[in-house]
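Open the structure in your viewer and keep the selection tool at hand. The stops below say what to select and what is there.

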Amino acid sequence: MDTGACPMCGGGHAYRDTSQASLLPADPAQLRASLEEVQAAILRQQALISELHRKQQELEQRLALVVYPVFTVPNEIISRIFVDCLPSHGRVCPSYRTAPLLLAQICRLWRDIALETCELWSSVNLTSKPDQADITQSLLESWLSRGKEHQLSLTLRGDFQFLGSAFIPTIAHRLWRLELSVEWTSHMKLAKNHISFPNLRQFALLGIFSENHPIPGFYNAPLLCELHNLPGSLNIRKTESAIVTSGFPDETRPLSTVDNTDIRNITSATLLSILQQFPQLLHVVAQLDDTSSGPATIAPSLQSFILYGYCSNILEFLTLPALRRLDIDERDTDHRSCLEFFKRSACPLDHLAMYLRDDGDALAACLDAVPTVTSLRIIADDTSSFARVLTATPLLVPRLATLVLHIATFENYHLQTVDLLCRRFTQGLASAEVEQFRVFKHGGWLPPDDCLAKLNGLISGGMNVKLWCDEEYWNGGGSAQQIEPEGGTY
């Protein structure tokens with residue numbers, strides 16, 4: 001038993017020292033045998049380690065001879081592949097999970113290629129909040145600087161107070177597409193622009209304007225061919241459509257979801273002024289807030305004209321000889337102005353959308369003035385009048401191939417609609433959709449069995465027929481199907 005300070009706790013109690021127990025006298029022969037076993041094991045391990053080092057060197061030498069195909073692809077090809085990774089609509093939202101930022105994280109070579117590919121940084125789609133303005137501005141300037149002098153597509157939503165300062169003038173010569181849904185103070189600054197936009201082709205502006213409309217700030221844009229001016233909405237849905245009601249040109253919402261409450265948009269006089277300033281315009285989408293008059297205006301290049309609000313009155317002052325598409329979303333459509341417009345323009349109209357609220361005679365006169373129409377969308381209260389117009393002799397719109405009918409009130413439309421489709425099918429109608437807006441609370445909405453049999457016969461003959469009501473649709477067979485909810489099958 002030992003005494004003194006315990007090596008474990010420092011106490012003065014008695015303790016037993018067992019650290020040298022294994023070195024107590026033993027049989028020397030056994031000790032020598034054990035030592036030889038340990039030495040032999042060490043030699044075996046050293047030999048194994050030497051063999052592993054040799055194999056390591058061999059594998060490294062063989063691996064150095066391997067040629068990875070990806071490293072043999074020229075940088076120019078990799079750059080082109082990177083560009084193809086961008087979204088098809090061309091509006092790039094900065095994210096580390098998508099191109100181009102994702103591509104710059106793979107390896108040093110790819111990062112260098114990505115940063116040197118100007119086209120990857122020639123589009124940006126940003127939303128800024130008031131407390132993020134400085135960060136957003138820094139990101140935007142850094143992003144666009146990588147694009148160098150490549151033409152730009154710029155989509156901005158939110159608070160961008162720096163737009164009207166030196167920012168827009170520095171990139172104006174590079175912009176080919178500009179889409180803005182920004183604060184009204186930014187609109188005021190933009191309205192005072194007097195700079196040139198030599199490459200601007202598409203311009204979309206969402207917002208509420210009472211004065212200082214910003215569009216005149218972009219009058220010096222000789223190549224502008226698409227103009228969209230609509231009420232602001234930041235709830236954007238991405239699609240491939242070019243028809244807009246409350247989104248940017250590649251984003252759409254159904255007509256029935258448009259909210260016109262407290263919306264003040266472009267006036268007829270302003271729109272006429274725009275058409276005079278930009279005779280090269282090809283496509284215009286606008287929502288009008290008045291029925292004011294203006295000067296007679298000719299837009300010689302305009303091909304697509306989509307109007308919402310108090311819109312049919314403006315046709316009284318317009319001549320559009322190249323127009324191929326006209327959408328008039330106004331319940332109290334002035335058919336007389338439309339008829340005079342068609343006669344005056346003598347345009348090769350291919351698509352027409354409008355309301356029908358009378359006995360059909362005014363619509364018949366309009367259709368008689370545009371025999372080139374192949375696609376027709378009508379919102380009607382009276383199906384019998386519509387059916388009579390499209391089955392009259394001589395045949396109106398003889399080239400009609402696509403028909404979309406929206407029925408605004410419930411009525412027993414089945415037999416008349418089915419007879420209409422059957423007669424027009426023999427005269428070239430290839431596709432028809434019928435949507436019913438309101439139905440009785442009780443009972444089904446599908447046509448009776450005899451009508452469904454005729455419609456199934458049309459489908460068997462090659463015609464595309466679809467019926468809609470609320471959240472259901474019918475596209476053949478004997479029963480309706482549920483419409484996929486948003487985010488379901490696309």
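**Stops on the tour**

Select Ala-346 to begin, in the loop between α9 (335–345) and β11 (351–356); helices (H or I, at least four residues) and strands (E, at least two) are DSSP runs, numbered from the N terminus. This is a predicted model, in which local features need pLDDT of at least 70 and side-chain atom pairs count only at pLDDT 80 or more, while totals for chains, interfaces and linings use all residues. Residues are numbered from 1 along each chain as its sequence is written, and side-chain values use heavy atoms, with hydrogens and water left out.

Ala-346 is not a glycine, yet its phi is positive, near 50°. Its relative accessibility is 62%, so Ala-346 counts as exposed (buried means under 20% relative accessible area, exposed over 50%, partly exposed in between, with a 1.4 Å probe and protein chains only).

Most residues other than glycine have a negative phi, and most peptide bonds are trans.

For cis bonds, select Ala-99 and Pro-100: the peptide bond between them is cis, with omega near 5°. Pro-100 is in the loop between α3 (75–84) and α4 (108–116). Then select Thr-393 and Pro-394, also joined by a cis peptide bond, with omega about 0°. Pro-394 is in the loop between α11 (383–390) and β13 (402–407).

Now turn to the aromatic rings. How many aromatic pairs are there? The count is 4, where rings of Phe, Tyr and Trp (its six-membered ring) pair if their centres lie within 6.5 Å, and planes under 30 degrees apart are stacked, over 60 edge-to-face and the rest tilted. One of them is Phe-341 with Phe-342, tilted because the planes are at 55°, with ring centres 5.6 Å apart. Phe-341 is buried at 0% relative accessibility, and Phe-342 is buried at 2%. Trp-468 and Tyr-473 are also a tilted pair, with centres 5.5 Å apart and planes at 35°.

A charge sits over a ring if NZ of Lys or CZ of Arg is within 6 Å of the ring centre and within 35 degrees of the ring normal. Arg-146 has its charged end over the ring of Trp-121, 4.7 Å from the centre.
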